[in-house]
Amino acid sequence: MMISRRIWQKRPPTSSWIFLRPYTSQIAVPSPSPSLFPVQTPSLIGFLSSYAASSFRSVYKISSLEMPTMVSRCCYSNHALADLPASGIVDVPLAQTGEGIAECELLKWFVKEGDEIEEFQPLCAVQSDKATIEITSRYKGKVAQLLHAPGNIVKVGETLLKLVVGDSAVPTSSSDVLESVKPPGSENSPDSKLNKDTVGGVLATPAVRNLAKLYGINLNDVDGTGKDGRVLKEDVLKYAVQKGAADGPSAASVSADCREQLLGEEETYPQTFAEVKWYPDDKTVPLRGFQRTMVKTMSMAAKIPHFHYVEEINCDALVKLKASFQNNNSDPNIKHTFLPSLIKSLSMAMSKYPFMNSCFNEESLEVILKGSHNIGIAMATQHGLAVPNIKNVQSLSILEITKELSRLQQLAKDNELNPADNSGGTITLSNIGAIGGKFGAPLLNLPEVAIIAMGRIEKVPRLSDDGNVYPSSIMTVNIGADHRVLDGATVAKFCNEWKQLIENPELLLLQMR
Amino acid sequence: MIQQQGKKVGLPLMNLVRLNRTPILKQLHLEEKLLRKSSTNWCIINDGTDTPAIVMGISGKPSELLEIGSVLRDQVPVIKRFTGGGTVVVDKGTVFVTLICNKDDVPGVQPYPRSIMSWSGLLYNQVFKGIADFQLRENDYVFGNRKFGGNAQSITKNRWIHHTSFLWDYAEGNMAFLKQPARAPEYRMERGHTEFICRMNEYLPRTDFIEKTTEAVETYFSVKNVNLEATEEPCGAEFVPSTRLLSKQELEEALGPQPEIIGVSV
């Protein structure tokens with residue numbers, strides 16, 4: 001008994017707490033469901049009192065971590081009644097689930113605001129670690145407000161929802177507080193105003209509450225025309241107009257015209273809405289990382305005299321090649337695409353036209369023909385444009401190129417490309433067609449002298465020699481070149497070579513070592 | 001004998017359903033239905049599932065828990081179950097044991113996760129007594145410090161379910177579908193899957209395990225063997241389970257945007 005009294009004294013004075021009966025393996029006590037107890041009933045008090053100090057003590061000895069918390073939050077009838085908010089709204093917090101877990105994820109509500117609920121009715125489901133748990137209501141009442149949305153993490157002890165507790169749920173032994181509590185809905189009684197004041201929390205959705213807040217309106221002052229006195233959006237707007245009119249002509253923010261508009265026209269926004277910003281503000285975004293680099297590189301590239309060469313490439317054979325690679329693929333980690341074949345054939349063509357794989361020294365007027373074919377692949381990531389390159393493509397097989405491409409792609413996605421991956425490129429491929437567009441006019445990736453933009457592979461009709469129409473997969477490419485180093489003829493011949501290898505991939509075998 | 005029978009007479013009834021290679025999705029649908037719609041106690045033992053599958057807890061996020069690329073490539077079904085807990089890869093080497101109980105039929109066990117978990121630990125202690133160094137460690141069943149059984153629960157107003165997937169055997173390659181989880185028990189100590197788990201088949205025969213489990217359940221309940229048809233009876237009207245198979249689209253969305261290599265679209 002002594003322990004019980006000490007506990008009562010420790011009870012926090014504000015919101016009512018949940019009592020969750022402690023679990024124990026030693027004492028078999030008839031247990032309620034894991035439910036929410038805004039207040040304790042006299043009967044339970046009686047039960048606890050008669051249970052005797054020894055068993056009470058032993059209960060609290062067994063449970064370790066949870067108990068001190070629970071003890072401090074236990075509430076018993078007398079104190080609970082005295083602390084029952086005059087409004088009749090009770091805060092219902094998330095109970096300790098006995099695991100020593102500090103928080104749970106709210107999975108789902110079984111009720112909504114305004115619902116009448118019965119004692120022991122399931123209110124929501126939460127998840128704590130290994131278990132999903134249905135939380136039931138200890139009381140009969142009405143849901144006033146849900147304070148969390150599914151997916152929220154709720155700390156133990158945090159309020160889950162507010163309940164309007166009905167007469168039957170409130171013990172009758174207390175006097176002055178209870179007499180003023182009437183069930184919501186009796187708005188025609190003389191006590192209706194008192195009702196609202198007393199009940200405090202008016203029935204209204206969060207959106208309506210926000211609107212009232214915007215207007216600086218106390219919801220308690222608004223007559224609700226919804227079910228059970230619920231305050232609706234129209235009620236708030238109407239009140240806002242009336243309030244504006246009542247405040248006198250100096251309240252220029254609300255005019256008669258506006259009132260008409262408020263009450264049903266399309267243009268429903270009075271000038272008070274001027275407080276609400278309907279014209280979006282400018283937003284300043286500092287450029288960082290890849291985007292910042294792009295400013296510099298593109299500014300420099302724009303100074304270079306470019307020319308562009310456009311060609312169409314028939315990809316029918318490439319489509320068959322890719323299909324063959326996929327059908328004969330035994331490694332689940334590898335996904336075959338068109339690009340590695342295009343990269344390899346590009347390298348083969350560059351072997352014949354080494355000026356395409358070079359860089360230009362402006363000061364010394366020298367062209368450095370690069371030995372390695374380090375082919376850069378432009379990648380649009382969420383962090384910006386990245387151009388990592390595959391080193392020494394001339395020495396790699398198509399399969400090796402495929403794996404290396406995948407590696408770089410993953411690093412780019414995670415923003416973990418290292419400087420070595422991004423530097424040392426000798427030519428760049430940009431398949432803007434993956435996103436859209438027929439072809440682009442790319443800018444050079446300095447100090448390279450050539451860049452190739454590839455449009456998407458499209459099925460288009462073609463005419464055969466005998467005049468028949470047949471479908472063909474066509475890709476349009478645009479080669480951007482540094483006209484200080486490359487001329488049109490060189491680029492055209494190089495492109496012809498590349499095109500031939502793509503359209504006749506078996507020719508790659510001729511040069512295979 | 002009379003005393004034993006007398007003891008059994010006083011025990012609450014439990015229906016035992018034995019399944020073999022029943023698809024895990026079907027099993028989970030059945031379990032959820034029995035939990036929510038039946039008022040009887042049930043024990044379900046499914047000796048393996050037909051094809052490999054990944055089963056996540058109710059709030060599992062594929063992007064955090066799975067190597068989605070591999071999952072999509074191998075077209076492994078991904079299921080989100082109605083109970084909490086972690087992610088498992090199940091196949092024919094997994095033995096499933098499920099207990100669905102009325103809270104009042106298990107004296108001394110409160111309808112809270114820890115209480116149910118502890119009670120289950122006592123039950124399986126009987127199964128493995130003298131066979132292996134069995135323990136309930138945090139929320140897992142272990143031999144020594146290696147996990148062989150994972151648990152999950154769901155607790156409703158008057159009933160609860162506690163189900164376990166036991167690693168009788170497993171394919172190493174399948175574990176590669178799972179990422180190292182962000183939330184892991186302390187005793188795991190950063191170990192990778194293969195260092196953390198172990199196979200039950202190294203300790204006792206499969207049939208022995210199932211038999212001993214049934215015997216252990218019989219110490220708490222009066223067990224009656226029933227067939228699958230019996231599960232149809234109590235529930236009547238159509239039940240819509242929340243356990244579901246994730247679609248390919250959901251998994252692809254979870255994979256997130258790949259850098260558009262301004263790379264040739266395939």
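A residue is called buried when its relative accessible area is under 20%, exposed when that area is over 50%, and partly exposed in between, as judged with a 1.4 Å probe on protein chains only. The structure is a predicted model, in which local features need pLDDT of at least 70 and side-chain atom pairs count only at pLDDT 80 or more, whereas totals for chains, interfaces and linings use all residues. Residues are numbered from 1 along each chain as its sequence is written, chains are lettered from A and ligands numbered from 1 in the order in which they are written, and side-chain values use heavy atoms, with hydrogens and water left out.

T98(B) has a relative accessible area of 1% and is therefore buried. This residue belongs to strand 6 (residues 94-102) of chain B, where helices (H or I, at least four residues) and strands (E, at least two) are DSSP runs numbered from the N terminus. The side chains of T98(B) and E31(B) are joined by a polar contact of 2.5 Å; such a contact is a pair of N or O atoms within 3.5 Å, of which, within protein, one must be able to donate a hydrogen and the other to accept it, and residues adjacent in sequence count only if both atoms are side-chain atoms. When neighbours within four places in sequence are left aside, the residues in contact with T98(B) (heavy atoms within 4.5 Å) include W42(B), C43(B), I44(B) and H162(B).

In chain A, R230(A) lies in the loop between helix 8 (206-215) and helix 9 (233-246), and it counts as buried because its relative accessibility is 16%. A polar atom of the R230(A) side chain is 3.2 Å from the backbone oxygen of E113(A). Although R230(A) and G114(A) are 116 residues apart in sequence, their C-alpha atoms are 8.5 Å apart in space.

Two packed helices are described by the angle between their axes and the distance between the axes. The axes of helix 13 (residues 339-352) and helix 16 (residues 488-503) of chain A come within 9 Å and cross at roughly 140°, the axes being lines fitted to C-alpha atoms, for helices over the stretch in contact, with angles running from 0 to 180 degrees between N-to-C directions. Helix 13 of chain A is therefore oblique to helix 16 of chain A, given that angles under 35 degrees count as roughly parallel, over 145 as roughly antiparallel, 65 to 115 as roughly perpendicular and the rest as oblique. Among the residues making this contact are L342(A) and L346(A) of helix 13 of chain A, together with F494(A) and W498(A) of helix 16 of chain A.
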